[in-house]
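Me: Please take a close look at one part of this structure and describe how it sits among its surroundings. I would like one connected account, with the cut-offs behind each term stated as you go.

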Amino acid sequence: MYATVLALLKKDLLIEWRKKHTFFGVMLYVAATVFVINLMNGQAESSMWNVLFWITQLFVAINSVAKSFLQESEERFRYYYTITSPQAFIIAKLIYSVALQCIMSLLTLLLFHLLLGSPLENNLLFTALAALGGTSLSIVFTFLSAIAAKAQQNASLMAILGFPIVAPILLILSRLALKTMNTVVVNGWWGLFMVLILLNILIIGLSLILFPFLWKE
Amino acid sequence: MNNLKKRSFSLVFTILSIFLIVPACWAQNSTPEMATLFRSNGKIYVVVLVLATIFAGLFIFLIYLDKKIKNLENK
Amino acid sequence: MRLRWWKLLSIVLVFYTLYFGLMGEVPSKDILNETIRNLYYHVPMWFCMILLFTYAFVYAIRYLSSNNIQYDLKSAAFNKVGIVFSVLGMITGMEWATYTWGEPWSNDPKQLGTALCMLIYFAYLVLRNGIKDDEKRAKISAVYTIFAFSLMIPLIFVLPRMVDSLHPGNGGNPGFNAYDLDNRMRMIFYPAVIGWFLLGKWISELKYRTDLIDYKKLYHE
């Protein structure tokens, strides 16, 4: 099991490294978005900064994670089907997209600091939240891109399916992030934080249970 | 059949918009207490509006189902 | 034709709700006035929606464990009628809110929750309509139903902690607290929920039977 997951993960990373299209494409996308925000708005004040950051995260997640399933062709799926178990496959995909999304989150954060100023008081906490948020978004979208790929649809279907599910998660994240900004007191911070963690576990569990059904034809 | 659906939709919308527009017209020349239709008699007409909406919705669904069954019969 | 007992019960309960809901005595409150009676008509729509989606969820699980296409058609019918009820709940809620809260939309968590449900299940319709192959459509829509429903339920309960509510019972709204207020109202409210829900179930069943005939005809030709 571990060996298969590792092998699959290595395969994804190798494809990524050879083609470099996802990584640099999305990086360019992030840079362009942040730059445009800078041109339109200049330095944003803290609550706006927070909103813009999470919206950027959402679109980065849609663009980067979409590729994880949608880039694979039907024939390749058939090949994987013969050599791996569905659980190993989805775990590898989840780890890969979480890693990719976390790197993207950190890059976005860096660019935000450079171009939009930094209203943060607790940098470390916000970075951790960005990584956590990136994880939540990427696992939701990984599973939905599996659905979209099976339905032979494009990335826009994934966005349609995902938006209503992700909207409350983004709401929770932006609420959590307020704590790192200024003197705003957030009631029940730890409660919300635990809710987010539990949601992540729930999503991973559902992905593991449901993916095998999508897998077999 | 499409025509029937379209007609019934527009009928329901007309009824609903009458409900919504009439009180708005009333408001134009009302007394300061805003004695409009929906605020009169303890606002009982809001309940009427809600019930009308529910039944309108259920009827729209019935019409859609009716159309579907008709299509099946003609097949 | 003999009606099943729960269909009769639905008729009886809905008429009971209509008659006693409009004629019965209700507590008098400021702002709400007579609109408090909407508790019997607007609120059950929301309960109905959740219950119908739950049925759809159960049938989706049964489809995945049995691969019987009938369960898929049932699940889809319940989802579709659930959407009808969510739309009705939303519109009636906005009508009620216009004359009590002063505006149709006020970012209330229950409104937001229903709006999210509507978006999730509209996406379900988009997904379902996009797939041609029957078995594939059944499988993918069952998987999406299970995924979306099990995430939606916790999110609906988390939302009220995020946004202040105008609805009674949360956010410290003193207006009225109907759920533990009045035994007379309770005697009508619970039957109302059951009656409207059975009506929704009945309609879903008709939808399912129509779809099943459609499916069989397609299969034979």
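Reply: Buried residues make up 15% of the 75 residues in chain B, where a residue counts as buried if 20 or more other C-beta atoms, placed from the backbone, lie within 10 Å of its own, as exposed if 12 or fewer do, and as partly exposed in between. The model is a predicted one, in which local features need pLDDT of at least 70 and side-chain atom pairs count only at pLDDT 80 or more, whereas totals for chains, interfaces and linings use all residues. Residues are numbered from 1 along each chain as its sequence is written, and chains are lettered from A and ligands numbered from 1 in the order in which they are written.

Chain B has 2 helices and 0 strands; helices here are DSSP runs of H or I with at least four residues, strands are runs of E with at least two, and both are numbered from the N terminus. Helix α2 of chain B, residues 44-74, has 31 residues and reaches 45 Å from its first C-alpha to its last, close to the 45 Å expected at 1.5 Å a residue, the expected span being 1.5 Å times one less than the number of residues. The buried residues of α2(B) are Tyr45(B), Val46(B), Val47(B), Leu49(B), Val50(B), Thr53(B), Ile54(B) and Phe61(B).

Chain B meets chain C through 19 of its own residues, which are in contact with 22 residues of chain C, contact meaning that the C-beta atoms of two residues, placed from the backbone, lie within 7 Å. On the chain C side, the elements that give two or more residues are α3 (69-100) and α6 (183-220), and α3(C) provides the largest share, 8 residues. By class, this side of chain C holds 10 nonpolar, 6 polar and 6 charged residues; Ala, Val, Leu, Ile, Met, Phe, Trp, Tyr, Cys and Pro count as nonpolar, Asp, Glu, Lys and Arg as charged, and the others, Gly among them, as polar.

Chain C itself has 6 helices and 0 strands, and buried residues make up 48% of its 221 residues. Among the contacts in chain C with a separation of 6 or more, 74% are between residues 24 or more positions apart. The loop between α3 and α4 of chain C contains Ser106(C), which is partly exposed, with 14 other C-beta atoms within 10 Å. From Ser106(C) to Leu119(C) there are 13 residues in sequence and 18 Å in space, C-alpha to C-alpha. Helix α4 of chain C, residues 109-129, has 21 residues and reaches 30 Å from its first C-alpha to its last, close to the 30 Å expected at 1.5 Å a residue; its buried residues include Pro109(C), Cys117(C), Ile120(C), Tyr121(C) and Leu127(C).

Chain C also touches chain A, with 24 residues of chain C in contact with 25 residues of chain A. The elements that give two or more residues to this side of chain C are α4 and α5 (134-162), and α5(C) gives the most, 15 residues. The residues of this side divide into 20 nonpolar, 2 polar and 2 charged.

The secondary structure of chain A comes to 8 helices and 0 strands. Its radius of gyration is 18 Å, close to the 17 Å that the globule rule gives for 217 residues, so chain A is as compact as a globular protein of that length; the radius is taken over C-alpha atoms, and the rule is 2.2 Å times the number of residues to the power 0.38. Along its principal axes the C-alpha trace of chain A spans about 55 × 35 × 30 Å, and 42% of the 217 residues of chain A count as buried. His21(A), which lies in helix α2 (residues 21-41) of chain A, is exposed, with 12 other C-beta atoms within 10 Å.

Finally, there is the nonpolar core, a term for a set of buried Ala, Val, Leu, Ile, Met, Phe, Trp, Tyr and Cys residues joined through C-beta atoms within 7 Å. Of the 142 residues in the largest nonpolar core, Ile147(A) and Leu52(C) touch the most other members, and the largest share of this core, 16 residues, comes from helix α2 (residues 43-66) of chain C. Not counting residues up to four places away in sequence, Ile147(A) touches Leu161(A), Leu214(A), Ile140(C), Val143(C) and Tyr144(C).
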